[in-house]
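Open the model in your viewer and switch to a cartoon view. The tour below gives one selection at a time and says what is there.

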Amino acid sequence: MDPVIKINPGGSKWDIRQKVWDYIEEKNLANFPRPVHNRIPNFKGAFAACAKVLELQAFIHTSEVKVDPDKPLEGARLAVLQARKTLLVPTPRLRTGLFNRITPPEGASKEQLRICSSSQGVKDFSVPVGLDAKIKIDLMVVGSVAVSEKGFRIGKGEGFADLEYGMMASMGAVNESTVVVTVVHDCQVMDIPEDLMGSHDLTVDYILTPTRVIKTDCQLPKPCGIIWNKLDTEKLQKIPILKKLRALEEQAGKDVTLGAAPEQVPEEGGNEVKSQRKLHLSVTTVYLGGIPAGLRVSELKTALREREATPLRLTWQGAQHRAFLDYSDPHSADQALEALQGLALNGHSLQAELAKSQRGGRKSGQSSRRPKPAAAPKSEVSAPDAKSDATEKTEQ
C-alpha cells in the first residue's frame, strides 16, 4: 500500500508530525480530543486496530504487557485486561515513578474492565511498581504520530516513550526479545528516512492499523539503556526516578556523565512586576505572533526544542496570541528566526521576527528592551520548563 502522506526530501521529524496532524484534521479522521496537533492522534478505528493485538503470537505467549496511557490505545489496555494478563502503564510524564500495575476488582465484569482501561481507570486502579520489582515485559504497545513499514517511529516529540524504554532496559525489564507494537491509522504509515533516527529512538516490530497487521523486521537496534549524555540536570529534577537509576548505574561502574544543560538566566525576587531578569546587553529578542487560542506554553516549547530554537527566556502572552523569545546574541536570534520560518501549530502559521525595538540598524550588543504589552500582566517562563506546566492536566 502506497503512503498517502508524502515526505519532502530533507524534512525534519517536526515537518512529518505537522503533515500527519494536518492531514488527520483536514480529513476528519480523529475522535476526541481535537485538534490532534501535539498529541498521539485518537484516530477513528483505533479500537478495531487495537483488537488486532490478539492476533499476535507474541501477545498470546506473554504474561506482562506495558501499554502507554494514550487515548487511542485504550482498546489495547482492555484487550490485556480481558486476557487476564498483567497490565503496566507508565506514570504521566514519569513524575512519580516509571509505571503502575493496573489491578481491576476481583471478578471484574467486562464493563468494569472497560473502565479500568480508560484514562480515569488507569488512575483509580493503579499500584506503583518500584525499581526493585522483578518485572519482565514481553510485549509493549506504544503510541505514534508516524511510523514506517521498516519500523522507524516518530512520537509527538517529548521523548517519553524512548526514555521509558531506556529506563526499562536499565532495570532489566526489557531486552532484545521484547516485542514493541504501535497502533496507528493507515495514513500514519509512511516512508521515514533512516537518517532521522537516533541511537535513543525506539523502533517497533509490529504496526497495527484498522486494515493491516505489519511485521516490520526492523534492522535498527533498540536502545540498550539510558543514554545519559542526552539528558541534563534539569531532566533529572523533573523525573526523580532518573536520579535513582543514575545512582545505581554509577555504583555499577557505568558512565553516567550528563549532557550540558540549557543556559539559564536566574530569577530575582518574588514580585513579578519588580523582578525583571537581568539579561546581558547583547541579548536579542524575537517576537512570535499568531499563537492560536488554546495553545499551551509546553506545546510551544516542544516546537522550539524540535527546531533547535530554545531561547534563554520565553515570555508568554497567550491571551494576546504572542510570545517573546530572548536569545544570547544577535547571531543566535538570527539562527532562531531562520529555524522558525514556516512554523505552524494547531493548524495556524506563526509569525517570527525581531522585536520592534531591534529592527533596522541593529548592532551587536544593543539593548533588547521590549515594548510593553497592551493589556494584562505578562507571565515569564524559563524556556526549558514553565512553572505553569505544573498545573496543566496531563493529556491521555
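Begin with residues 160-171, which form helix H7. This helix has 12 residues and spans 16 Å from its first C-alpha to its last, close to the 16 Å expected at 1.5 Å a residue. Keep in mind that the model is predicted.

Show the side chains to find the buried ones, among them Phe160, Leu163, Tyr165 and Met168. Then step just past the end of H7 to Gly172, which takes a positive phi of about 80 degrees.

For another case, select Lys85 and Phe59: here the charged end of the lysine sits over the ring at 5.2 Å from its centre.

Next, look at the sheet. In what order do its 8 strands lie? Going across, the order is S4-S3-S2-S1-S5-S8-S9-S10, in an open sheet with mixed pairing. Select 126-129 (strand S4) and 213-215 (strand S10) to see the edges; each has a single partner strand, so one side of each is left without a neighbour in the sheet. From one strand to the next, the twist averages 25 degrees.

Inside the sheet, select residues 139-142 and 179-183, strands S5 and S8. They run parallel and are joined by 4 bridges. Leu139 stands opposite Val179 in S8.

Aromatic rings come next. A search of the whole structure finds 2 aromatic pairs. Select Trp14 and Trp21: their ring centres are 5.6 Å apart and their planes stand at 75 degrees, so this pair is edge-to-face. Are these two residues buried or exposed? Both Trp14 and Trp21 are buried.

Finally, show the whole chain again. Its secondary structure comes to 11 helices and 17 strands. Of its 396 residues, 51% count as buried. Among contacts with a separation of 6 or more, 69% are between residues 24 or more positions apart.

Note on methods: Residues numbered from 1 in each chain as written. Predicted model: local features only at pLDDT ≥ 70, side-chain atom pairs only at ≥ 80, totals over all residues. Heavy atoms only, no water. Phe/Tyr/Trp six-rings, centres within 6.5 Å; stacked < 30°, edge-to-face > 60°. Buried < 20%, exposed > 50% of the residue type's maximum accessible area, 1.4 Å probe, protein only. Lys NZ or Arg CZ within 6 Å of the ring centre and 35° of its normal. Pairing = 2+ DSSP bridges. Helix = DSSP H or I, 4+ residues; strand = E, 2+ residues; numbered from the N terminus. Axes fitted to C-alpha atoms, helices over the stretch in contact; angles between N-to-C directions. Expected span 1.5 Å × (residues − 1). Contact = heavy atoms within 4.5 Å.
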